[in-house]
Amino acid sequence: MSLKSKFSIALLLSFVLIFSMVTLAAAQDTKVEIFSWWTGGGEEEGLQALFEVFKEQNPNIEIINATVAGGAGSNAKAVLKTRMVGGNPPDSFQVHGGAELIDTYVKTGMMQPITGLLEEWGVRNNFNQQILDMVSHEGEIYAVPVNVHRGNVAFFNKAILEEHNITPPTNIYTFINALKKISEESDVSPLALGDKNKWTAGHIFETILVGTLGPVKYNGLWNGSTSFDEPGVRESLVVFKEIMNYVNEDHAALTWQDAAQRVLNSEAAFTIMGDWAEGYFKTLGWTPNKDFGWVSVPGTRGSFMVITDTFGLPEGAPHPEGAKAWLKLIASKKGQDTFNPIKGSIPARIDADKDKYDPYLTDSMHDFATVTLTPSIVHGSAAPEGFVTALNDIINQFVTTGEVDNAHQRLIEAANEYL
Ligand code: GAL
């Protein structure tokens, strides 16, 4: 054998050796860091239930649970963004499907496509297509949707409504009458709000907006076919202002969980919140249909304000094999059916085990399949980050000032600037 051939074989062998060492090291990731803002009741339990299954399936991988409290639009998103932009990504992180994922992280080249992984795991076709579209860009999928939340829900204390002879309101007029009746006949807060984190007031506002515009015009706001000059936009501010007359005075000091707790303690009748509040109520021992009831936010029966929590694979994730094991779990039927019944959400997969879901979630599954889906602004699906921040600021100031025309004008300006 010539010296040259010996040298080539030696070179080849070293490559094989280095390659196997790298693969082995990757396959043996001993850690995985998962970032989310799931620290509150229901959310934390859902996450922990997933972690338990993960540990059974991957006994050698330690989970680093990186959480920052606050929910949508809070500090958590800023912390995540700083890490991502600074080249210090977690292995996988919670991000909403839609603009929040695609504009902030995919178009900027910070995420790896995972279409091939979903195909390899044989789950590519098990997801709801509209939800998959929210995590896709130019033909590639960039995150696993773990759930579908509904934003436009009004939860209520059944005993209080019965006591005041109120049937669950379905339009804005009967809703305002109900709030008024409770305020006249008792000391409880008609509507519990906790807007210590700005997004919760924006959350109520967007559900009113979908009601005054209707789902089709609301969806048109995001493709330019509906203008923010539309009378329904101004009308939503008028209705929102009216409703704010019935919230607890200390709302700025409370979180959404504190507000939900008021309903649970019979100190408030209603709260408008995404159905993560359902998970929260259940964690605290309340039973759907017995202790608490729900209606779609009055006036929004034909809309499903859709929110999807997703996890992807960042470029430069320090433990990619750990991240893939995590994604594989949350993409599986077992993962989704473990997490969602606790979280108060429905699965993004279409083949869930329906028996595992309570009456509220069964109702949500039915509506999800039959009414018009409207993406949430506040929860990052409908509009880019700049608009979401502007809207949250405008609505928070509006809660204090009540100046309808000023708020409307600022919304129009924000739309011109960011949409
Ligand atoms: C939403 C998120 C939910 C829940 C909620 C409040 O943005 O999609 O899963 O975490 O915030 O914390």
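A cavity is a set of points on a 1 Å grid over the protein atoms alone where a 1.4 Å probe fits but cannot get out, while a pocket is an open set with protein on both sides within 12 Å along at least five of seven lines; lining residues have an atom within 4 Å of a point. The model is predicted, so local features need pLDDT of at least 70 and side-chain atom pairs pLDDT 80 or more, while totals for chains, interfaces and linings use all residues. Numbering starts from 1 along each chain as its sequence is written, and side-chain values use heavy atoms, without hydrogens or water.

**View 1. Meet the two domains.** The domain assignment (automatic or from a database) gives domain 1, residues 29-148 + 309-352, and domain 2, residues 150-306 + 372-418. Taken over C-alpha atoms, the centres of domain 1 and domain 2 are 27 Å apart. Domain 1 has 28 residues in contact with 22 residues of domain 2 (heavy atoms within 4.5 Å).

**View 2. The second largest pocket lies between the domains.** Domain 1 and domain 2 both give residues to the lining of this pocket, so it lies between them. The pocket holds about 290 Å³ of space, a volume filled by probe spheres set on grid points joined across faces, edges and corners. Look for Gly 98, Ala 99, Asp 133, Met 134 and Ser 381, which are the closest to the pocket's centre of its 14 lining residues. At least two lining residues come from each of α4 (99-106), α6 (129-133) and β15 (372-375). These names mark DSSP runs counted from the N terminus: helices are H or I, at least four residues, and strands E, at least two. Helix α4 gives the pocket lining its largest share, three residues. By class, the pocket lining has six nonpolar, five polar and three charged residues. Here, Asp, Glu, Lys and Arg are charged, Ala, Val, Leu, Ile, Met, Phe, Trp, Tyr, Cys and Pro nonpolar, and the others, Gly among them, polar.

View 3. Five bridges link β9 (residues 153-157) to β12 in an antiparallel pair, in which Phe 156 has Gly 293 of β12 as its bridge partner.

**View 4. Step inside the second largest cavity.** Searching the whole structure turns up two cavities of 30 Å³ or more, and the second largest cavity contains about 40 Å³ of space. Around the second largest cavity you can find Ala 192, Leu 193, Gly 194, Thr 200, Ile 204, Trp 256, Ala 259, Thr 271, Ile 272 and Met 273. Helices α9 (199-213) and α12 and strand β11 give two or more residues each to this cavity's lining. Seven of the cavity's lining residues are nonpolar and three polar, with no charged residues.

**View 5. A sheet of three strands.** This open sheet has the order β8-β13-β15 and mixed pairing. Its edge strands, β8 (149-150) and β15, each pair on one side only. Strands β13 (residues 303-307) and β15 run parallel and are joined by four bridges. Look here for Phe 304, which stands opposite Leu 373 in β15.

Terms used. Pairing = 2+ DSSP bridges.
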